Amino acid sequence: MAAFSLSRLKAPGHRWVIGIIGLTFFMPAGYTILPTFEIIKSMGMLNSLGAVVLVMTAGGMAFNTILFYGYLRTIPHEIEEAAIIDGATVWQRYRHIVLPMTMPMVATVGLFTFMNSWNEFFIPLVFTLAKPELRTLAVGMYSFIGDTSRDWTLLCMGATISILPVIVVYVFLQRHFTEAFAGAVKS
């Protein structure tokens, strides 16, 4: 919805907002972890999977917004003009015209978000530090590495297991994923 409003509604200062969103790409996660930790702690969500989900979802919003913004700029405005003439509201244009056309990008963003969240190490480590039973696979695999030895069998098995869900999700979203990139190449 943010990308729709930035690409279609052209509010005053929308270029500044896009620039600020773009600047957040250059900020490492380590710089924002302390304020994020304090916010999650004040919400009472520390040492829960909900905290990991919330932080990972919010952390990917800038990237997802820029992806959608670029994709929406390739969709001609003429498609929406008939709906405007018929008296459609902004919400109706978004819901009935633009959103169905962005399904390839929804699948692409879903795949990128899933892969990023699945492979993330730092955020799940910080927000599940006191509860080892809540650790994700990437963090749990780190326990197979000791000071003087490594359990290569378990590490290889964990790596294989960690690849399988990404492959399964990609197989289900492959058609939409390739449609999104084909649409980007056409324009």
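Visitor: At roughly what angle do the axes of helix α5 and helix α8 cross?

Guide: Helices are DSSP runs (H or I, at least four residues), numbered from the N terminus, and axes are lines fitted to C-alpha atoms over the stretch in contact, with angles from 0 to 180 degrees between N-to-C directions. The axes of α5 (residues 61-73) and α8 (residues 103-119) come within 11 Å of each other. They cross at roughly 155°.

Visitor: What kind of source do these values come from, and how are residues numbered?

Guide: This is a predicted model, in which local features need pLDDT of at least 70 and side-chain atom pairs count only at pLDDT 80 or more, while totals for chains, interfaces and linings use all residues. Side-chain values use heavy atoms, with hydrogens and water left out, and residues are numbered along each chain as its sequence is written, from 1.

Visitor: Are α5 and α8 roughly parallel or roughly antiparallel?

Guide: Angles under 35 degrees count as roughly parallel, over 145 as roughly antiparallel, 65 to 115 as roughly perpendicular and the rest as oblique. By this rule the crossing angle of roughly 155° decides the matter. The two helices are therefore roughly antiparallel.

Visitor: Which residues make the contact of α5 with α8?

Guide: Contact means heavy atoms within 4.5 Å. From α8 the contact takes Pro104, Met105, Val106, Val109, Phe112 and Thr113. From α5 it takes Phe63, Asn64, Leu67, Phe68 and Tyr71.

Visitor: How many nonpolar residues does this contact of α5 with α8 have?

Guide: Ala, Val, Leu, Ile, Met, Phe, Trp, Tyr, Cys and Pro count as nonpolar, Asp, Glu, Lys and Arg as charged, and the others, Gly among them, as polar. The contact of α5 with α8 has no charged residues and two polar ones. Its nonpolar residues number nine.

Visitor: Is threonine 102 buried or exposed?

Guide: Threonine 102 lies in the loop between α7 and α8. Leaving out residues up to four places away in sequence, it touches Phe68, Tyr71, Leu72 and Ile75. Buried means under 20% relative accessible area, exposed over 50%, and partly exposed in between (1.4 Å probe, protein chains only). At 2% relative accessibility, threonine 102 counts as buried.

Visitor: Which residues of α6 and α7 are in contact?

Guide: Helix α6 (residues 78-85) and helix α7 (residues 90-101) pack at about 160°, with their axes 10 Å apart, and they are therefore roughly antiparallel. The contact residues divide into six nonpolar, no polar and two charged. They are Ile79, Glu80, Ala83 and Ile84 of α6, with Arg93, Ile97, Val98 and Met101 of α7.

Visitor: Which exposed residues does α2 carry on the face turned away from its buried side?

Guide: In helix α2 (residues 14-23), His14, Ile18, Ile21 and Gly22 are buried. The face turned away carries Trp16, Ile20 and Leu23.

Visitor: Against which helices do the buried residues of α4 pack?

Guide: In helix α4 (residues 49-59), the buried residues are Ala51, Val52, Val55 and Met56. Their arc around the axis is only 120°, which puts them on the same side of α4. They pack against α3 (29-42), α8 and α9 (122-127).

Visitor: What is the relative accessible area of phenylalanine 127?

Guide: Phenylalanine 127 is placed in helix α9. Not counting residues up to four places away in sequence, it touches a list of residues including Ala51, Val52 and Val55, which are buried residues of α4. Phenylalanine 127 is itself buried, with a relative accessible area of 0%.

Visitor: How far apart in space are arginine 135 and proline 124, C-alpha to C-alpha?

Guide: Arginine 135 is in the loop between α9 and α10 (137-141). In sequence, arginine 135 and proline 124 are 11 residues apart. In space, their C-alpha atoms are apart by 6.5 Å.

Note on methods: Arc of directions from axis to C-beta.
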